[in-house]
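Student: I would like to learn how to read cores and domain contacts in a model such as this one. Could we go through the features in turn?

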Amino acid sequence: MIAITKRLLLLSPLLIAAKRAFAQSTDAPVKPGPSAEALALVADKAISGYFIPAYEQLQKATAALVAAMTESCKNPGATPDPAVRAAFEKLLQAWARADFLRFGPMAEKARLERFSFLPDPHGTGTRQLRQILAKPDPALLEPGAIAKRSAAVQGLPAFEALVFGTSDDAETAAYRCQLALRIAENLNTIAGEAVTEWTKPGGWRELMLKPGGANIVYRDATEPLVEVLKAIVTGLQQMRDQRLLPALGKSFDKAKPNRGAFVRSGESFAYLNASIDAIDELVERSDVFSLTPNDAATLLAATEATSNEFRQALNVGKPWNGAFADQASYDSLKRAFDVLKTLEDIFNFRFAEAAGISPGFNALDGD
Amino acid sequence: MRSTATERFPFGALADALRAILPFARPLGGAEERPVFVSSVRVGPRQHMLMLIDERGGVVGRMPLAGRGHDIAVDPARRRVAVFARRPGYFAVIVDVASMTPLATITPPEGHHFFGHGIFSTDGRLLYATENNFDGERSRGVIGVYDASGTDYQRIGEFETHGVDAHEILLAPDGRTLVIANGGIETHPDYGRQKLNLAEMRPSIVRIDSETGDLLEETVLDPALNRLSMRHMTFDGAGNVWFGCQWEGARSERPPLVGRIGRDGAARLMSFPDAIAPLARNYIGSVVASRDGSTIATSSPIGGQVFFWDAASGDFRDALALPDGCGVAPTEDAAFLATAGDGRVMRAGDGRLDPVARRHEQFDNHLRRID
């Protein structure tokens with residue numbers, strides 16, 4: 001047991017702290033949370049207004065990529081077909097709307113990793129793809145074969161490397177095109193599974209809409225809402241920790257732009273912009289701030305202002321690699337990184353406090 | 001513990017504070033001393049502190065931290081604690097408990113970060129911290145050894161943990177053996193807290209000789225459970241190591257989450273009753289033994305539950321609901337004090353959870369008792 005003498009105590013700042021602490025009451029006021037109806041309404045809006053449309057769009061965009069690739073592979077060239085590029089750009093836009101939803105069917109059966117194996121700090125995808133291309137195996141072009149390979153070679157980054165990579169080896173051009181087509185088909189399959197698993201009877205939509213009882217995933221009305229909140233925060237953290245931080249490095253001199261996402265295709269900025277749009281859209285469509293009517297306007301304004309600040313900081317008027325070679329642009333991107341934290345505070349702290357919802361200080365991000 | 005301290009210190013509310021730490025007058029004379037509890041807390045957006053509370057949730061002291069703190073190592077002999085920054089952590093502050101003032105700040109060497117946990121040697125002369133060495137091709141876990149005998153807290157050596165994601169570290173009752181949980185999840189600060197290797201995880205619990213750094217024993221689970229990250233531990237009264245896990249596999253699966261390692265180094269996984277298993281949400285945050293060593297508390301902030309186990313038989317005892325509850329520390333006998341991310345302080349014992357206080361501060365994952 002700790003024994004502290006009276007003399008020591010009287011001399012110590014502890015006494016001051018103790019005085020201060022007891023000047024206020026011990027018990028913090030407990031804010032009543034929103035009603036179950038209000039929570040269910042937000043969950044419903046998030047599901048039908050955002051989550052499911054996001055996967056439907058992903059399914060469509062992957063189908064369009066398959067179509068563009070099928071056409072392009074009839075006459076594979078050294079430079080990517082503009083139609084393929086356009087389809088790929090659209091797909092990234094769609095993926096930015098869904099990549100941060102790390103729950104539900106996409107989180108099962110390693111679908112997320114298979115769809116896009118990022119981050120890949122050890123360059124696993126590049127290494128494995130090199131091995132594949134060193135000894136092109138026709139069996140890998142059989143429908144469905146790529147889905148059985150490592151997650152690192154069956155998704156978006158592998159597709160990007162095959163189509164937008166610098167290889168001009170004419171000998172493997174046809175093989176690379178076919179492999180990329182198979183990957184596009186694989187993406188389409190995964191997106192299709194996500195839609196089915198969300199919408200089928202007893203699927204994830206029902207699970208989220210009917211919390212409690214025998215539902216082991218969502219046990220009460222708050223948990224689906226916390227899932228929405230968690231998705232928003234995860235989205236912001238992914239942008240920060242997966243895409244900006246690895247590229248920014250510790251300082252301007254130590255920046256590593258190639259560690260950004262989708263650098264090869266030149267889509268890094270577009271992807272980040274689509275990601276922030278996705279967050280705004282989810283906030284708007286789910287009407288999550290309706291749970292705190294008194295603060296809704298303030299919080300929405302703060303969210304919009306902060307995400308605009310992010311967009312402005314991101315808009316350095318240079319391509320991705322060039323932006324990291326210029327001090328002013330680098331500083332601006334660093335600012336974008338910091339702004340994401342401010343945005344996170346809005347959801348993690350301000351909104352949660354105002355609405356009387358505990359997103360889980362500990363539960364949100366385990367340790 | 002009823003006290004008559006107010007009779008001795010009849011100056012209103014302040015007496016509450018004094019009661020928490022001063023020797024108590026017993027009705028029949030003599031003095032009684034009380035424990036205090038310490039936790040990292042959040043007080044606002046990105047504002048963090050170290051906080052001392054008494055058994056009734058009253059604040060005894062607070063000290064601001066530069067970032068979010070995590071676990072706290074206690075050196076009862078010198079009335080110091082070391083609070084570690086949450087992973088990836090770049091500071092640990094040594095704090096004098098009586099004055100709640102910092103004595104020193106330790107930073108890990110270049111290319112390392114703290115994992116949020118550490119432990120003092122029995123004599124308080126050394127401080128062991130789990131660290132991530134992320135300089136090489138692959139991250140690896142190490143134990144940084146810091147000289148805590150003086151005032152400069154030099155790092156005087158390091159041991160391998162023979163795994164990645166070294167998390168909680170304990171000192172065995174023999175006072176010499178270190179026990180470390182290698183969570184197996186690879187992270188690199190360049191990618192924040194992103195998990196980088198889920199498919200290739202290989203968690204383990206190792207025993208290391210604190211004097212030589214030699215690996216004495218390694219416990220791993222069945223390869224089918226390679227996504228079961230063993231992270232937090234405690235010793236029970238019989239000297240067994242209890243551990244708690246988080247599952248990085250599919251959410252629809254229900255792997256065991258709590259286990260016990262006996263003297264033979266073999267792990268026995270405990271099972272939840274079927275109706276209880278889903279409540280844990282495949283995540284255990286703190287593992288703590290009661291004072292008498294008879295009861296093990298394992299908390300799940302994600303599941304919002306604290307689970308209790310019989311240490312001797314390994315039988316599941318009960319589950320008590322505490323949303324976002326994670327911090328657990330022993331009070332008297334087989335009872336515990338539990339804290340939650342929403343500021344709640346509860347007393348857990350006899351199969352019940354009773355409210356003690358609700359504070360403005362949000363408690364981080366770990367609560368420690370200072371004797």
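Student: Which residues does Leu65(A) touch, not counting residues up to four places away in sequence?

Tutor: Please keep in mind that this is a predicted model. A contact here requires C-beta atoms, placed from the backbone, within 7 Å, and on that basis Leu65(A) touches Ala87(A), Phe88(A), Leu91(A), Ala184(A) and Leu187(A), with residues up to four places away in sequence left out.

Student: Which residues touch the most other members of the largest nonpolar core?

Tutor: That core has 104 residues, and the ones that touch the most other members are Leu65(A), Ala180(A), Ala184(A), Val228(A), Ile232(A) and Leu333(A). Helix α3 of chain A, residues 36-72, supplies the largest share of this core, at 15 residues.

Student: Why does this core lie between domain 1 and domain 2 of chain A?

Tutor: The core lies between them because domain 1 (36-207) and domain 2 (222-355) of chain A both contribute residues to it. There is also a second, separate core of 96 residues, which includes Val95(B), Phe114(B), Val288(B) and Met346(B).

Student: How far apart do the C-alpha centres of domain 2 and domain 3 of chain B lie?

Tutor: Their C-alpha centres are 22 Å apart, and the contact between them takes 21 residues from domain 2 of chain B and 18 residues from domain 3 of chain B. On the side of domain 2 of chain B that touches domain 3 of chain B, β14(B) gives the largest share, three residues, while by class that side has ten nonpolar, six polar and five charged residues.

Terms used: Residues numbered from 1 in each chain as written. Chains lettered and ligands numbered in written order. Predicted model: local features only at pLDDT ≥ 70, side-chain atom pairs only at ≥ 80, totals over all residues. Domains from an automatic or database assignment. Contact = placed C-beta atoms within 7 Å. Helix = DSSP H or I, 4+ residues; strand = E, 2+ residues; numbered from the N terminus. Nonpolar A, V, L, I, M, F, W, Y, C, P; charged D, E, K, R; others polar. Core = buried A, V, L, I, M, F, W, Y, C linked by C-beta atoms within 7 Å. Buried ≥ 20, exposed ≤ 12 C-beta atoms within 10 Å, placed from the backbone.
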